[in-house]
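Welcome! Please take a moment to look over the sequence and the 3D view before reading on.

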Amino acid sequence: MGLVTWEWRGRLAANGAAALLASVAAIALSAQLANAQQAADQKTDQTKKADEEQAAPAGATLLDQILVISRTGETAIESLASASHIDQEQLDRRMATTPNEMLLGVPGVAAQADARRVSTSINIRGLQDFGRVAVIVDGARQNFQRSDHGTQSTFYIDPELVKSVDVIRGPVANTYGSGAIGGVVFFDTKDATDFLKPDETWAGSVTGRYESNGKGWTTSASGAYRLNENWDALGNIVYRDYDDYKDGGGDTVKGTGFDVLSGLLKTTIRPTDNSELKLSWVGSSDGWTEISGGMPVNDVDLKSNTFTARYNITDEDKSWLDLHINTSYNKTNLDLTSLVPQNRFDPVTGLPVVLPAGSQSTFDVGTTGIDIWNTSRFETGGIAHELTYGGDWAGDNVKTGGAAGGDSFYTPSGKRNVSGAYVQDKLTWDWLEVIAGLRYDSYRLRDDTHDISGDRVSPRITVGVSPFETPSLAGLQFYGTYAEGYRSPSITETLISGNHPAGVSFPFLPNPNLRPETGKTTEFGINYKQNDIIEAGDAFRLKAAYFNNDVDDYIDGVTLSPFDPTSGCPFGPGIPICFQYQNFAKAKINGFEMEGVYDAAWGYAGLSASIINGHTISYEGDRADLATIPSSQVTAQLGLRFLEDKLTVGGEVQYNGKPKGNAVARNYTLVNAFASYQATNNLKVDFRADNLFDVKYANPLNGSTTVAVYEPGITLKVAATMRFGG
């Protein structure tokens, strides 16, 4: 794979910059930004400082930080749900090369990447693909999907562009869009204020990083500029170039090398004291080589562009008006070019054909979205209310094409619209909290011959109690939740057709009669927070939950026999089976999750764990292991601070247990080490060693793929970041 052309890079950056700057100019002309700018900025700073102090007391931990994804300004420890937050410090410590490395140790969350390391599919509580987990970047849904062995629904974001990640597990996240019966992962990209000091007009930083396994470099450059007190802008560019890595057995895993160019442009405008507009573009151009039978077969080029506009306006006290309007457009284009002639089967006849070298397949997926909500805060009879109400709409437009027998034929073209409206009230009285909500969902899916639709109302009720007043137990809270979510069938699940492209021939059958999935989750959890336990300023935080999720009409792929007259499977030229997505009576998933951290002046210690079990049940009552159940995990973290917090050293130990019924998975334990040294105010050095004992292991989620892909062996990373400003 050669490097992507500078012509495309320049055009991409120019188009993104032009779109942003045009929007900025229009808003700047209409807003009276010059009025009382300095006073407004001081007031904003004071308000933010007060909010931060309220949310993060002395000895605060990650669980005390406000969730970007929260619609009522909650921290993770305050949330009556299974929520986690990953901040910039944690992301820096992990020195992530790919998105899945950012999620290390988050309970109930796993990632599948196969050999295509730049493309990631996220699994929450055993649910994955086709929108069951809503992956959101700066407010934009990432809905790219390509039919293949292994990962189906993937997204693309460079970790260097991200400043925080929020995770909410379960369908309690149904205010964040239709279909998220597994949960939501929200990636928030960096802002100019993350680089600019209060007295600076401009700032920049340059990072260089080397990795020993899959030898390669990451280079990143950022620049931020404050046009005036109410307007700033940021640009960031990242380039990565890596070879194939070696697994823990010392064997090279072919097809794991890649080169990727990513960029971010963002501007923030504050037209008034109580309003803010963020405009952003995130883009990437990725390239890698696909391997089959140990030989390179396809050259892959992927271009991803995400445009978002997020506007928030409040009244003076954030009482009746806290309005958010988010609009987004995400477009992903993936092109496959065959490197060698390939023996395939005609998608219509099933007869053998030869796909000549240079043949192309294209996958173009565009997603448009709008999300509007308001929160009103008031009291009635001594009960505080946070009433949130809004609606959202997202439209997918899938276009695939290329040579007959090419891969794209099996990812059908079509359009799907999903929309919803909801109302949720959070009531607080002394030791009691109650959250009650309803969401209405509808969908429409169509191609040239099908037009399918459906709708449903899904409820949520949560009750939380803080019954103790003694100092040691005052921070203990119990909660229980019942929540439902609704996922419509995807275009591929409904409309896939044709014959299997390679290896052996058999038909794919469409299923326009698929019923939507309904997730019904019961959850019981505790939140506990306590300060000044061992020494002044320290803090302990703990979240734990047990959940049970029944997914009615669960959709999965099945094989059918033409010898069964009720299957609808015809006899073809290949092996006597057919493949079709069908509904099961339900999938039953249950488990336990916990996340705890102790933080003090000398350092911190953290422990997280998740145990997940699941199976499907057919309408005849037959049970089968659910292939998307991830490893049960226990992750321990320890960090020590020295030299007035300039030096932090520590490590992580993670045990992974084999999921039941998984033929590929094994039990394994990973040990990582890290160090970070702030040498000067403007120079930082980071070091990390992943898989310190060179364990050979495979991701159990790859158990459904044709060949086990082993993960990287020992990997050493070293980076230096230079900052400057004025």
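Which residue forms a salt bridge with glutamate 74? The partner is lysine 426, and their closest N and O atoms are 2.7 Å apart. Keep in mind as you explore that this is a predicted model.

## Bridges across the chain

In total, the structure holds 45 salt bridges. One of them pairs arginine 541 with aspartate 64, with the closest N and O atoms 2.9 Å apart. Arginine 541 is buried at 1% relative accessibility, and aspartate 64 is buried at 2%.

## Two strands tied together

Arginine 169 and glutamate 593 also meet through their side chains in a salt bridge (3.0 Å, N to O). Arginine 169 is in strand β7 (residues 162-169) and glutamate 593 in strand β30 (residues 586-600), so this pair ties together parts 424 residues apart in sequence.

## A look at threonine 218

Threonine 218 is part of strand β10 (residues 216-228). With 2% relative accessibility, threonine 218 counts as buried. Its side chain makes polar contacts with the side chains of arginine 240 (2.9 Å) and tyrosine 242 (2.4 Å).

Note on methods. Residues are numbered from 1 along each chain as its sequence is written. This is a predicted model: local features need pLDDT of at least 70, side-chain atom pairs count only at pLDDT 80 or more; totals for chains, interfaces and linings use all residues. Side-chain values use heavy atoms; hydrogens and water are left out. Helices (H or I, at least four residues) and strands (E, at least two) are DSSP runs, numbered from the N terminus. Buried means under 20% relative accessible area, exposed over 50%, partly exposed in between (1.4 Å probe, protein chains only). A polar contact is a pair of N or O atoms within 3.5 Å; within protein, one must be able to donate a hydrogen and the other to accept it, and residues adjacent in sequence count only if both atoms are side-chain atoms. A salt bridge is a side-chain nitrogen of Lys or Arg within 4 Å of a carboxyl oxygen of Asp or Glu.
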